[in-house]
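My entries follow in the order in which I checked things.

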Amino acid sequence: MPLTRRELIRKLWHITPGILGAPVILFTPKWVTLIVVWFLALLYTLQHLKLRRGWRIKVPIADISYKQMARKDELEGNHYLGSFLFWITMALICTVFPKLIALSALWVSTVGDCFNAIVGQLINRPRIPWNREKTISGSLTMFVLAF
């Protein structure tokens, strides 16, 4: 199954924090990293609340991200839980753990998830019995990249 243009754009958005976040985590003081990551967590929290409560505000960065990345079920259901949880989790990880662990978590979350989705969509089999939307090939890709 070929990847659509929309899916490729989604994957680029998915991997962007892993590329742009690495220098922030590695080359800035921890307090700068925390300001950046907690600011993004705040923006994506506002975006999530906006969608769930029907607020008519534009949330910088998160609004554009939602329009580019949201899947059909997210657009129809007015939710964007994945990005909200990603940024809250990254903020907590960056707060609690040393920089190298935070960078590892960032790369597993962005690069790993991007490639597992690509492999899962390209190979598209075998399916995981308890979650028919996921493939074993995609899950193995995530495991290998995370390892």
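**Entry 1: helix α5.** I began with the cover over α5. The buried residues of this helix are covered by elements that include α1, α2 and α6. Contact here means heavy atoms within 4.5 Å. I then listed the buried residues of α5: Ser83, Phe84, Phe86, Trp87, Met90, Ala91, Ile93 and Cys94. I take buried as under 20% relative accessible area, exposed as over 50%, and partly exposed as in between, with a 1.4 Å probe and protein chains only. I also checked the length of α5. Its 16 residues at 1.5 Å a residue should span 22 Å, and the end C-alpha atoms are 22 Å apart, which agrees. The expected span is 1.5 Å times one less than the number of residues in the helix.

**Entry 2: ground rules.** The model is predicted: local features need pLDDT of at least 70, side-chain atom pairs count only at pLDDT 80 or more, and totals for chains, interfaces and linings use all residues. Residues are numbered from 1 along each chain as its sequence is written, and side-chain values use heavy atoms, with hydrogens and water left out.

**Entry 3: the whole chain.** I counted seven helices and two strands in the protein chain. From the N terminus on, the order is α-α-α-α-α-α-β-β-α. Helices (H or I, at least four residues) and strands (E, at least two) are DSSP runs, numbered from the N terminus.

Next I looked up the dimensions. The C-alpha trace spans about 45 × 40 × 25 Å along its principal axes. For 147 residues, a compact globule would have a radius of gyration near 15 Å; the chain has 16 Å, which agrees. That radius is taken over C-alpha atoms, and the globule rule is 2.2 Å times the number of residues to the power 0.38.

Of the 147 residues, 37% count as buried. The accessible surface comes to about 9,200 Å², and 71% of it belongs to carbon and sulfur atoms. These areas come from the Shrake-Rupley method with a 1.4 Å probe; for residues, only the protein chains shown count as cover. I also checked contacts with a separation of 6 or more: 61% of them join residues 24 or more positions apart.

**Entry 4: helix α1.** This helix covers residues 5-27. I found a kink of about 35 degrees at Gly21, shortly before the proline Pro23. The bend at a residue is the angle between axes fitted to the seven residues ending there and the seven starting there. Gly21 is among the buried residues of α1, as are Glu7, Arg10, Lys11 and His14. The buried residues of α1 pack against α2, α3, α5 (81-96) and α6 (99-123).

**Entry 5: salt bridges.** How many salt bridges does the whole structure hold? My search finds three. The criterion is a side-chain nitrogen of Lys or Arg within 4 Å of a carboxyl oxygen of Asp or Glu. Lys50, Lys58, Asp63 and Lys67 are linked in a network of them.

I took the pairs in turn. Lys50 and Asp63 have their closest N and O atoms 2.7 Å apart. Lys50 lies in α2 (residues 30-53) and Asp63 in α3 (residues 62-69), so this pair ties together parts 13 residues apart in sequence. Both Lys50 and Asp63 are buried, Asp63 with a relative accessible area of 7%.

Lys58 bridges to Asp63 at 4.0 Å. Lys58 counts as exposed, at 67% relative accessibility. Lys67 meets Asp63 at 3.5 Å, N to O. Asp63 and Lys67 both lie in α3, four residues apart, about one turn of the helix. Lys67 is partly exposed, at 47%.

**Entry 6: His48.** His48 sits in α2. Is His48 buried or exposed? Its relative accessible area is 13%, so His48 is buried. Not counting residues up to four places away in sequence, His48 touches Tyr80, Leu81 and Phe84.

**Entry 7: Ile61.** Ile61 lies in the loop between α2 and α3. I noted its phi, near 70 degrees, a positive value in a residue other than glycine. Most residues other than glycine have a negative phi. Ile61 counts as partly exposed, at 39% relative accessibility.
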